[in-house]
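Hi there,

Here is the structure I promised to pass on to you. Have a look first, and then read my notes below.

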Amino acid sequence: MRRLVMLIVATAAVIALLVTIRAADRSDVRNRPAALSSPPTALPTLGSPSSSTSAVPPPHYPSGTVVKEDHTDYGTVRLKVTTKNGRIVEIGVLQLPHANEVDRELSEPAARALTREVLRVQTADVDIVSGATYTSQGYLNSLQAALDQLS
Amino acid sequence: VDVVDRPHTKPRQHARTDYRPRTRYVPAAVLLLGGALVIVTWWRNAAPPATSGGRLIDAARLTGLLAGYFALTQVVLRARLGVLERALGTDAINAAHRVLGGYVLALVVSHVALVTAGYMRAGRSSFADQAVSLLRDYPYVWWALTAVLLLLVVGASSAPAVRRTMRYEVWHGIHMLAYLALALAFFHQIANGEDLRHHGTARTVWIALWAMTGALLLGSRLLRPAVLSLRHRLVVDAVRPETGDVVSVEVTGRHLDRFPAAAGQYFRWRFLTGGRWHSAHPYSLSAEPDGHRLRFTATITGRSSRSLPAVPPGTRVIAEGPCGGLLLPSGWTGPVVLIAGGVGVTPLRALFASCPNTSLTLIYRGHCPERMPLRGELDRIAERRAATVHYVVGSRHDPEAQLCAARIESMCPNVRHALVFVCGSASFVRHIRPMLAELGVSGRQVRAESFELA
């Protein structure tokens, strides 16, 4: 019995330690901490004026195509971003987190909504989609990384 | 003091005390290596967590993987594999099974708690909503929840206080639910597990591990005993009363010279007769296999062994085994000391007749002559083989009838250089071990097994 208790306590300590180390690794990579603290807002919001928070005009992007990915707690988001004539013209969603049906039902519409919104406002500065917080964050992180590389 | 006892004068052939194969550490090493591989898989397969909910889910993934892995090792421990039985012995296997059982249960419960709490936090949902979502939206989670409940029942029934109130057959029946639980739990792992649901090495290896373990279990515990029984046509030849409430059962068959059994081992015997076929009971071989018959000796105490004398000759027998690690290593030529408590004498009786007798001593402790079977045989073997038997008879309150270190040494002065086999009740074995340590007998020289149904 004593051995069992010691084993359980030791395992709990090791797991806590490993998870903390992994999380610390992650926080170095994370480039949009602000997005995490913003609470999920109302639903997708296509075309609604509130979704674009920036009043400044979008930058002029050099032309090119870049594939970027971001890792979320639930999996990877990978985007192919194409710019032409200074504008974002195409965002290909190559990978979304969650392979099972239920999650796909959530993340695919969210990605479509985000794509439409980004193409409209021409920046990565759009609101995350409620109900698909992680997908949104991953989407916007990889988009931002792609735009950063293009610029 | 006998000079033979002094280390610097000990004869050459006695110097070999490392008889206990170091391979007994191999199972432990394999167990830990597997656990480490599970952690590496977990570390590499999914992105690090970004939020507190993510951290909980991360921990949940690891506890789930570890629970699955250690559950498999539990099954392997119980598969009666010859190589494991020989390397570890029954007592060590039982002890490991008990500790790992509690461990798996703890991992499973924390997995459930962490998954629920993690998704609640990540999705900002209430417990009720999250629980419903997990059960409704994720495949096979219902099955897994059923598995958790079954495992909790199995765990509860094995708590010593509960176990004591139950008949062995009832407890054993409940314990079999653990296999059902593992089968149910498997599907949610590969359907939802972040490390397993993507097609890749981890998934392939995981499925292969589970399939192989299942095959091992079925092959070793169902197929092989059935094949052995058919090939050797095992049937009851005779049931003979020994002293008091002890009977010996002789089993015959064909080609028994090729039957895989050695002195010191036991089988789980199943008699194919009305009302008994569903339960198998472990009894030691009480005679060395001679190629013509197998004999085991049992005390008629439990509900099932009470009908043992009534088993008619000719009854078909299925023997599951061989189990147990009371084996003489090949090549041992030094002294051998056998210490028996009560009916624990049975496997030692087989060893007494068959092990090398450079110097062979049997110490046989019992409360009263009626509960000490096989004494006539032991006397005859001792005479034939020029070996020694010491009987220590009396109640546990009789100071003259107790074993102690000094008494063991006076009965076998070279015990320090001997291989020592101990068999009896669990309390008997616990009682004897420190005496041997006191006499300078190293743990690797001792092979002990206790009688308990597990």
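A quick word on terms before the findings: a residue counts as buried under 20% relative accessible area, as exposed over 50%, and as partly exposed in between. This is a predicted model, so please read what follows as computed from its atoms.

Let me start with the surface of chain B. B:Val109, B:Tyr140, B:Trp142, B:Trp143, B:Leu145, B:Leu149, B:Leu152 and B:Phe187 make up a nonpolar surface patch of about 740 Å². Helix H6 of chain B, residues 141-158, provides the largest share of this patch, with 5 residues. One of the other members of the patch is B:Tyr140, which sits in the loop between helix H5 (127-137) and H6. Because its relative accessible area is 35%, B:Tyr140 is partly exposed.

Now to the backbone. Most residues other than glycine have a negative phi, and most peptide bonds are trans.

- B:Arg233 has a positive phi of about 45 degrees without being a glycine. Its place is the loop between helix H9 (201-232) and strand E1 (235-241) of chain B, and with a relative accessible area of 45% it is partly exposed.
- B:His255, also not a glycine, has a positive phi of about 50 degrees. You will find B:His255 in the loop between strand E2 (246-252) and strand E3 (266-271) of chain B; at 38% relative accessibility, it is partly exposed.
- B:Gly321 and B:Pro322 are joined by a cis peptide bond, with omega at about 5 degrees. B:Pro322 belongs to strand E6 of chain B, residues 317-323.

Happy browsing, and best wishes

Notes
Residues numbered from 1 in each chain as written. Chains lettered and ligands numbered in written order. Predicted model: local features only at pLDDT ≥ 70, side-chain atom pairs only at ≥ 80, totals over all residues. Heavy atoms only, no water. Patch = residues over 30% accessible without salt bridge, like charges linked within 9 Å, V, L, I, M, F, W, Y side chains within 5 Å. Areas by Shrake-Rupley, 256 points an atom, 1.4 Å probe, with all protein chains shown as cover. Salt bridge = Lys/Arg side-chain N within 4 Å of Asp/Glu carboxyl O. Helix = DSSP H or I, 4+ residues; strand = E, 2+ residues; numbered from the N terminus. Buried < 20%, exposed > 50% of the residue type's maximum accessible area, 1.4 Å probe, protein only.
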